[in-house]
Amino acid sequence: KWSPHSSKSSGNAGNDLEGASLVHLGTDGIHPSDATAIIKVQLAQDGSGGLPGTPRSAAAAHLSGNLLAQMADSPFVHILMLDHRAIMAARTTLRAMAEFGLLMCWYYLCDRTAVLGEGDKFYNRDQFMFLFVILTAVAVGCSLQVVKPPQPALLGRQQTEEWKGWMQVLFLLYHYFEAKEFYNAIRLFIAAYVWMTGFGNFLYYFKTNDFSIGRFAGMMWRLNFLVLFACVVLENSYMLYYICPMHTLFTLMVYASLGIASHLNQNRVFMLLKLLCCVAAVVVLWDIKPVFYAIWWPFTWLVGYTDPRKPGDDPLHEWYFRSSLDRYIWIYGMLCAIMHPWASGVVNWIDGLPLFRRAATRTTILSICGVVGYVWYTNIYTLPRMEYNKVHPFTSWIPITLWAVMRNMTPTLRLHHLRLYGWLGCITLETYICQFHIWMRTDVPDGQPKQLLVLIPGYPLLNFVLVTGLYILVSHRLFELTTALKTAAMPSSNQLLLRNMIILAVAGTTLYLSVYGGLNLFVYQVL
């Protein structure tokens, strides 16, 4: 989940996808909702961890320990050879691949052709706030749920998913209406996502000590699978979707921070020393700008970006600017995770106080939060955009902490969550990427989404409803397809995982060169 748990770049990062299923694809004689379970059963039968194929030959290759033999006898190769048994066994996964390809075609149709219309953005504060208030009212009225099991946990998974969800709604409306007056708020929301990356990933690694290659590969797949295909299909740079490389980087840094000398992670003093080392690394890598450029210049092909409408001479500027804004907050997220048991104890202690003392304690805490929030708002949040950017890396932790404290003040608040926003919080990565191409339009490679997609000309509100409905539907389907294809491609065995990654890399490169070579040779030359 890009989260932050998401991606999971958020709460229990990477766990949001667990249990998701490939629904509505269906299999002959099988209920559609069991599609992912079917994939898992098929994988268990053939022992391949990839596309299901012939069990006996796959098992023989596995026992031989010969990677080349496994690749030559993999289910993928059997499918290419039109082996009927392998094709039938893999039909669910093949359907998922076909649907994913069709949705990429929808990307291209909406964004790069003149088949569908486009319109100018318009901003009205009243309309902007009305949409958010109405959606929140619907969420409260129709999706207020109690945490299961009913345990008032501090910053539980459902709560952080809800947090991501309502922030994502405002983030998307900000882009759709170009609501520039909310720029500082959007910077805070992105910081909160990055905070969740540190918080959620730290909690997972600290509790499980699971630094396996399979787990790591799954996180990278979640963060980058969809954006990879969006870049290839639409010829965009990775940095156009800056959230993806930014969360990938900070996820890697959390992974490295806890993975190094992981046997000492339970020592709190040692963990605090690790955090200090992280702070020192950030100071060197970002605050000394020449060091940042020296390290990243060889990777300009990956993180470089130039807006075709505003060309510049520094392709690394965007990467430096975006990543530097939140360079410290992921460390604060890890610090909060370290303090989580202590904070939970304090909250439980307050809950157990006599009524009068409990009310007085909560009132005092809320009053302090109110004073701190007022000082922060009047002296920092209201700063002009450029001035605010300078102080944001050092102050974004303040409103994040205040929200976390107030949202968890009572057991009732901790027990309840808005499932509608939680559901949207699970697909933040997909809604972020899809907004560029099937909700708005970029029109050109690496272009920013300056136009709106129009399906009902002359009726902006009706068009908003229709386009938004299709946009959310496609985003959710892409989330489920990403999950299902990850399940099919990433086995628990490191050797089989390596085999699958090599096959995917070779097949993807061959297909890419074939398609673009054919276009250059037969289409572009003729035109």
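Biologist: What should I know about the model and its numbering?

Modeller: This is a predicted model; local features need pLDDT of at least 70, side-chain atom pairs count only at pLDDT 80 or more, and totals for chains, interfaces and linings use all residues. Residues are numbered from 1 along each chain as its sequence is written, and side-chain values use heavy atoms, with hydrogens and water left out.

Biologist: How many helices and strands does the protein chain have?

Modeller: Helices (H or I, at least four residues) and strands (E, at least two) are DSSP runs, numbered from the N terminus. Here there are 24 helices and five strands.

Biologist: What share of the residues is buried?

Modeller: Buried means under 20% relative accessible area, exposed means over 50%, and partly exposed lies in between (1.4 Å probe, protein chains only). Of the 527 residues in the protein chain, 53% are buried.

Biologist: What is the accessible surface of the protein chain?

Modeller: Accessible areas come from the Shrake-Rupley method with a 1.4 Å probe; for residues, only the protein chains shown count as cover. The total is about 24100 Å². Carbon and sulfur atoms account for 70% of that surface.

Biologist: How many salt bridges are there?

Modeller: A salt bridge is a side-chain nitrogen of Lys or Arg within 4 Å of a carboxyl oxygen of Asp or Glu. The count by this rule is 15.

Biologist: Which parts of the chain does the pair R477 and E99 link?

Modeller: R477 and E99 form a salt bridge at 2.9 Å, N to O. R477 sits in helix α23 (residues 460-489) and E99 in helix α6 (residues 91-112), 378 residues apart. Both R477 and E99 are buried. A network of salt bridges links E99, R477 and E480.

Biologist: Where do R441 and E118 lie?

Modeller: Their side chains meet in a salt bridge at 3.0 Å, N to O. R441 is in strand β4 (residues 440-441), E118 in strand β1 (residues 117-120), and 323 residues separate them. R441 counts as buried because its relative accessibility is 5%. E118 has 40%, so E118 counts as partly exposed.

Biologist: Which residue forms a salt bridge with E181?

Modeller: That is R125, with the closest N and O atoms 2.9 Å apart. E181 lies in the loop between α8 (157-177) and α9 (183-208), and R125 in helix α7 (residues 125-143), so the pair ties together parts 56 residues apart in sequence.

Biologist: Is R125 buried or exposed?

Modeller: R125 counts as exposed because its relative accessibility is 51%. E181 is at 40%, so E181 counts as partly exposed.
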